[in-house]
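Let's walk through this structure by way of its side-chain contacts.

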Amino acid sequence: MLRHEQIHFDITEIYSRKLRKELADAKIKSSNATAAQAIFKKVFREMELRQIRYDQETLRGDKKETQEHWEAVVKLELAKYEFYKSN
């Protein structure tokens, strides 16, 4: 169960990094809260859907092979967004 929950945490981290990247790519300034909010809502919704899909596909961690597949994919995605991790 702990491995399953760790991937939920890691998925959230992926989307935190993705949000930082999208905000940087859009060159969002603090004065443009509307644009920042739109990007946040989009990325947050993507994360929610991904979390749901993860639970469904792994049967909340009961499907061992699927769980291992997700672990590998999430590891790759964390590396993809390494530049955008928080210090």
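**Rings and charges**

Phe40 has a relative accessible area of 42%, so it counts as partly exposed (buried is under 20% relative accessible area, exposed over 50%, and partly exposed in between, using a 1.4 Å probe and protein chains only). Before going further, a word on the ground rules: this is a predicted model, where local features need pLDDT of at least 70, side-chain atom pairs count only at pLDDT 80 or more, and totals for chains, interfaces and linings use all residues. Residues are numbered from 1 along each chain as its sequence is written, and side-chain values use heavy atoms, with hydrogens and water left out.

So what counts as an aromatic pair? Rings of Phe, Tyr and Trp (its six-membered ring) qualify if their centres lie within 6.5 Å; planes under 30 degrees apart are called stacked, over 60 edge-to-face, and the rest tilted. By that rule there are 3 aromatic pairs. One of them is Phe40 with Phe44, stacked at 5.6 Å centre to centre with 20° between the planes. These two sit 4 residues apart in helix 2 (residues 33-58), which puts about one helical turn between them. Helices here are DSSP runs (H or I, at least four residues), numbered from the N terminus. Phe44 is partly exposed too, at 37% relative accessibility.

Now look at Tyr54 and Trp70: their ring centres are 5.0 Å apart and their planes meet at 55°, so this pair is tilted. Tyr54 belongs to helix 2 and Trp70 to helix 3 (residues 64-80), so the contact ties together parts that are 16 residues apart in sequence. Tyr54 is buried at 0% relative accessibility, and Trp70 is buried at 2%.

On to the charges. Side chains of opposite charge can pair when their charged atoms come close. A salt bridge here means a side-chain nitrogen of Lys or Arg within 4 Å of a carboxyl oxygen of Asp or Glu, and the whole structure has 13 of them.

Which partners does Arg17 have? One is Glu13, with the closest N and O atoms 2.8 Å apart; both lie in helix 1 (residues 2-25), 4 residues apart, or about one helical turn. Arg17 is buried at 8%, while Glu13 is partly exposed at 21%. Arg17 also bridges to Glu82 at 3.9 Å, N to O. Glu82 lies in the segment after helix 3, so this bridge ties helix 1 to a part 65 residues away in sequence. Glu82 itself is partly exposed, at 39%.
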